[in-house]
Every structure is written in C-alpha cells, then in structure tokens.
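Subject: Model for you to look at

Hi,

Here is the model I promised to pass on. My notes follow below it.

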Amino acid sequence: KPIVEKRLSEMLGLNLEDNKSQPPVSEKAPEKANISKTVYAQTLAYAREHGELDKYNESRNLNTECRDAIHTAINEARYDTNHYHMKDAVKDVVDKYGAERVELLMAKVIQGADWDGRYSRQNKEWAKGFEIPHGMKDVYSNTHPCLLDGFTDRFREAAAVPEKKPSILEALKQGAEKSRQHETPKPETKKNMGVEI
C-alpha cells in the first residue's frame, strides 16, 4: 500500500506523506475583464496585411465564446419543461458580448439554415439584411433551432426602438382630425339642393 501511495504522489505531484499538504485546488480561470463588444469585420488577408491578426483572432474566439454563451444562457433560462425566460438569456449574453456580436451571430446562424422551417419567416427575412463578417463565417450552433428562433425573437424585441407615443392631448387631436376626415357626407335631398317643392 505505501508503494501505491508513493507512486500516486509522484504521478500527481503530491506529497502524501506530509498531512499538511493538500492537493492543488483547481482555480477557476478569471473572467476576461474587457471583452471587446465590436466585431472585427475585415478579412483574414486584410488583417495579415495590416498587422491586425491579433484583433482578427480575438474576434473569432469571441464569436465562438458568444455562441457557447447563447447556448448556456438558453439552458439556464429554462424553468420548466419547454418554458424559458428568454429575455433574461438575451440580456445576459448582450451585456457580456454586446448587441452587435449577438445580432450578427444570430443572423449568420439563421442565414445558414434558410431551408429550416423551425426558424420563423420573420427571423429569416430579418437575417437576410446582414452582411456577415469573414471571421464569423465558420461559426455554427448546435442549439435547437426552435430555441434559437425564440432567442432571436426576444433579441429583436429588445433591440427594437420603441416608437414615441403621442401625449394624450396629441392623441385626442389626431383622433378628432381623423373623425372629421372620415365623416360621411349627408345624402343630398331636394331641400339641401335649394330646390323647392
């Protein structure tokens, strides 16, 4: 038995004979303090020519991390069978990676699956409006399309700029004008036409 313990201590780099020594505690990697929220939009060739390979690679890595964060956030947002707090999932990911990266990533995933009926027609039309940066072209998602579609819906709702609502006085004025414009003319009678009977 002591030989086995000695062998284990050599393999693991532990000193089992010393009761005070503890196995090394695996420390959680510290979170990145400054995650770039802008997406590097240039090609790899451009990045090489201009000495921006670090920016290109960092952006590609963040794209992959963001994809994984979306998957994790969706899973953590589940509170019951087939029930999710997608607004919370969207907020978590956008706060960490920025709206631009999330938006382009979701558009890229949906563009690549335009044949898939599990994405809504509205989200497919929305996704067509984006030009996907070169560094994002090889990012794919394994998250279920129905969940990504719901995530995209909530993201689009959150990103939409709310329309300015008119004040009550303005609304009343507009309503009065509309009612005046839509008043039906009274049918003409002989009396209205100035003809005496």
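How many helices and strands does the protein have? The protein has eight helices and two strands. Both kinds of element are DSSP runs, numbered from the N terminus: helices are H or I with at least four residues, strands are E with at least two. From the N terminus on, the order is α-α-α-β-β-α-α-α-α-α.

Two sentences on the ground rules. This is a predicted model, with local features needing pLDDT of at least 70 and side-chain atom pairs counting only at pLDDT 80 or more, while totals for chains, interfaces and linings use all residues. Residues are numbered from 1 along each chain as its sequence is written, and side-chain values use heavy atoms, with hydrogens and water left out.

Overall figures next. Of the 197 residues of the protein, 27% count as buried. Buried means under 20% relative accessible area, exposed over 50%, and partly exposed in between, with a 1.4 Å probe and protein chains only. Contact means heavy atoms within 4.5 Å. Among contacts between residues at least 6 apart in sequence, 67% join residues at least 24 apart.

Helices H3 and H4

H3 covers residues 53–76 and H4 residues 86–97. They pack at an angle of about 155°, with their axes 9 Å apart. Axes are lines fitted to C-alpha atoms, for helices over the stretch in contact, and angles run from 0 to 180 degrees between N-to-C directions. The angle makes H3 roughly antiparallel to H4. The classes are: under 35 degrees roughly parallel, over 145 roughly antiparallel, 65 to 115 roughly perpendicular, the rest oblique. H3 passes H4 in a right-handed crossing. A crossing is left-handed if the near helix is turned anticlockwise from the far one by less than a right angle, and right-handed if clockwise.

From H3, the contact uses Leu62, Glu65, Cys66, Ala69, Ile70, Ala73 and Ile74. H4 answers with Met86, Ala89, Val93 and Tyr97. By class, the contact of H3 with H4 has ten nonpolar, no polar and one charged residues. Here Ala, Val, Leu, Ile, Met, Phe, Trp, Tyr, Cys and Pro count as nonpolar, Asp, Glu, Lys and Arg as charged, and the others, Gly among them, as polar.

Leu62 is in helix H3. Leu62 counts as buried because its relative accessibility is 2%. Leu62 and Arg101 are 39 residues apart in sequence, yet 8.7 Å apart in space, C-alpha to C-alpha.

Ile35 sits in the loop between H1 (2–12) and H2 (44–49). Ile35 is buried too, at 15% relative accessible area. Leaving aside neighbours within four places in sequence, Ile35 contacts Leu62, Lys96 and Tyr97.

Helices H5 and H7

H5 (residues 99–111) and H7 pack at an angle of about 140°, with their axes 11 Å apart. H5 and H7 are therefore oblique to each other. The crossing is left-handed. H5 brings Ala99, Val102, Glu103, Met106, Val109 and Ile110, and H7 brings Leu148, Phe151, Thr152 and Phe155. This contact has eight nonpolar, one polar and one charged residues.

Thr143

Thr143 is in the loop between H6 (121–128) and H7 (145–159). Is Thr143 buried or exposed? Thr143 is buried, with a relative accessible area of 6%. Its side chain makes a polar contact of 2.7 Å with that of His71. A polar contact is a pair of N or O atoms within 3.5 Å; within protein, one must be able to donate a hydrogen and the other to accept it, and residues adjacent in sequence count only if both atoms are side-chain atoms. Not counting residues up to four places away in sequence, Thr143 touches His71, Ile74 and Leu148.

Best wishes
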